[in-house]
Amino acid sequence: MATKPGILTDWPWQPLGSFKYVVLAPWAIHSTYSFMVKGESERDIGYFLILPFLLLRMLHNQIWISLSRYRTAKGNNRIVDKGIEFDQVDRERNWDDQILLNGILFYIGCMILPGTHNMPFWRSDGLVVVSLLHAGPVEFLYYWLHRALHHHYLYSRYHSHHHSSIVTEPITSVIHPFAEHIAYFILFAIPMLTTVFIGTASLASFFGYISYIDFMNNLGHCNYELIPKWLFSIFPLLKYFMYTPSYHSLHHTQFRTNYSLFMPIYDYVYGTMDKSSDTLYEASLKRPEESPDVVHLTHLTTPESIYHLRLGFASLASRPHTSKWYLWLMWPVTLLWSLFLTWSYGRTFVLENMTFQKLKCQSWLVPRYNIQYMLQWRKESLNNLIEEAILDAEVRGVKVLSLGLLNQGEELNKNGELYIQKYPQLRIKLVDGSSLVVAVVLNSIPKGTTQVFLRGNLTKAAYAIVDALCERGIKVAITYKDEYEKLQIRLTTKSKNNLILSSSYADEKTWLVGDEWKEDEQLKASKGTLFIPFSQFPPKKMRKDCFFYTTPAMIAPTSLINMHSCENWLPRKVMSAWRIAGIVHALEGWNVNECGNTLLNIEDVWQASLRHGFRPLMVPM
């Protein structure tokens, strides 16, 4: 929002929320119906193609968003090092508003302007006219309009909304108040309307010109430099007619320079070119890919989780993972993406990057779904993927690698011990996070609790939790005899008396739950029961009269930079204990692996996390 919002700041369809697309429905239906029922000589292909073109523009923009986020996470050619926060993601979530506006105006134009009916696909003279009018009047008028928007009166009421984003993403380019977009559309309509009035309009000139604007807008707002230096060496004059991401980035950091639209010539003419433009351009091109200190390995959970990734839909990634009805309509696309990621792409890749206390942290994604970890015949290929990631991290000088969601128990890789046994000379430290998981669960149990109920798979963390509780004199109730016997073997003689075999579900008010427990057991719990998960996946909430904690997690410190997406189902600014464990391990400089059956001192890990600014999260979700 601008500092002092002026008139026509809000979009007309803002009250409709996610249903804003219905504003296009009458024209979309009419154009499709007309194309279907009219004869071939009466059909207007241009009118019909407006909707597919709008959808193509959305896809084009999304590709730029995903590509830019991937490149900035890797770090090579990055321009600005500052991070993005959730408020910027929220501010830019409605980037498709300008596409809706363009669609409405295109439909209206086709209905009232005779020259737009049955336009040919191609006219060379029309393309020349559009190109000349853009390079001349449009670029010139935009330059002075842009400078006017930086006058304190207009800037505080309109343009400051756009400049709230210091670190730009491709879609930052179209984040403006409604009134500003009206001015831009009038400006960009000059070439198109001229060709209509002089009879040289074509589908290629219309759709091509809008695509050019989209392309250059997205390119100029990337936070990484991608225009090669050789291009300007071969065509020296090109620097006056084509800007670069670093060139426009200076406008967002310096505010009073580099006003031009896509062609810097007017900045040169009127003396507003930033003198550091060439220096920043060359420095950005030379910047290598970053080598992180800490890597968190993770993987996809469900097929639709690809949209919740930081590289997916930014608006979904910035909120806890919940199923959306419209994602079910996209199942064919989801299936294609799933096949591409899980069958065609055979290695991990950088998902996101953050900075904390001089530590460079990255998350790497293993392109496999949770269900694939449960398939015995996929075990070898999955271990090979993880092994390659570990060896890659070793070569890059990574200090700590957190196994995260990849810690699927002893079935897959013995909690990471397999890799230590195979490569005993590894300098990188592998951390499965179990110690902090145990600490978080223990500190989530309400004070004064004398007995808890345990259900779910007996993992490394589960054994440690039961052992710690029994040592503290808290009784742990178990329903199944085989689980009771397994736990008895692990406990000391002194604490064995606190492990009890119980047939009742309703006596305990605190339940510790893991994976693969029967959900109908949840119905047997008494009213007001508190469910505390000790696994990576949250239990399905089947009771409204009970309380559910998140999976083991803590609130991240405010000094953690560039955290603008949610970790799976966790709330904003919250990190899983498995992920935090790797960061704390590196900060403390612990020269030991935490994998296999190895556990660190639970209290030391907990206190270290608190000391570094991580705070307990014990709010029922």
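A residue is termed buried under 20% relative accessible area, exposed over 50%, and partly exposed in between (1.4 Å probe, protein chains only). The model is predicted: local features need pLDDT of at least 70, side-chain atom pairs count only at pLDDT 80 or more, and totals for chains, interfaces and linings use all residues. Residues are numbered from 1 along each chain as its sequence is written, and side-chain values use heavy atoms, with hydrogens and water left out.

Cysteines were examined for bonding. A disulfide is taken as a pair of cysteine sulfur atoms within 2.5 Å. The count under this rule is zero. For Cys361, the closest cysteine sulfur belongs to Cys566 and lies 18 Å away, too far for a bond. Cys361 is buried, at 7% relative accessibility. Cys595 is likewise in no disulfide. Its nearest cysteine sulfur is that of Cys361, at 20 Å. Cys595 is buried, with a relative accessibility of 6%.

Aromatic contacts were searched next. A pair of aromatic rings is described by the distance of the centres and the angle of the planes. Rings of Phe, Tyr and Trp (its six-membered ring) pair if their centres lie within 6.5 Å; planes under 30 degrees apart count as stacked, over 60 as edge-to-face and the rest as tilted. The whole structure holds 28 such pairs. One of them joins Phe140 and Tyr266. This pair is edge-to-face, with 5.7 Å centre to centre and 65° between the planes. Phe140 lies in helix H5 (residues 124-149) and Tyr266 in helix H11 (residues 265-270), so the contact ties together parts 126 residues apart in sequence. Helices (H or I, at least four residues) and strands (E, at least two) are DSSP runs, numbered from the N terminus. Phe140 is partly exposed, at 31% relative accessible area. Tyr266 is buried, at 14%.

A further edge-to-face pair is formed by Phe356 and Phe614, with ring centres 5.6 Å apart and planes at 65°. This pair links distant parts of the chain, 258 residues apart. Phe356 belongs to strand E2 (residues 349-356). Phe614 sits in the loop between helix H23 (602-611) and strand E14 (615-616). Both residues are buried.

Phe140 and Tyr266 also belong to one aromatic cluster, together with Tyr143, Trp144, Tyr259 and Tyr270.

Charges over rings complete the survey. The criterion places NZ of Lys or CZ of Arg within 6 Å of the ring centre and within 35 degrees of the ring normal. Arg43 lies over the face of Phe35, at 4.9 Å from the ring centre. Arg157 lies over the face of Tyr153, at 3.8 Å from the ring centre.
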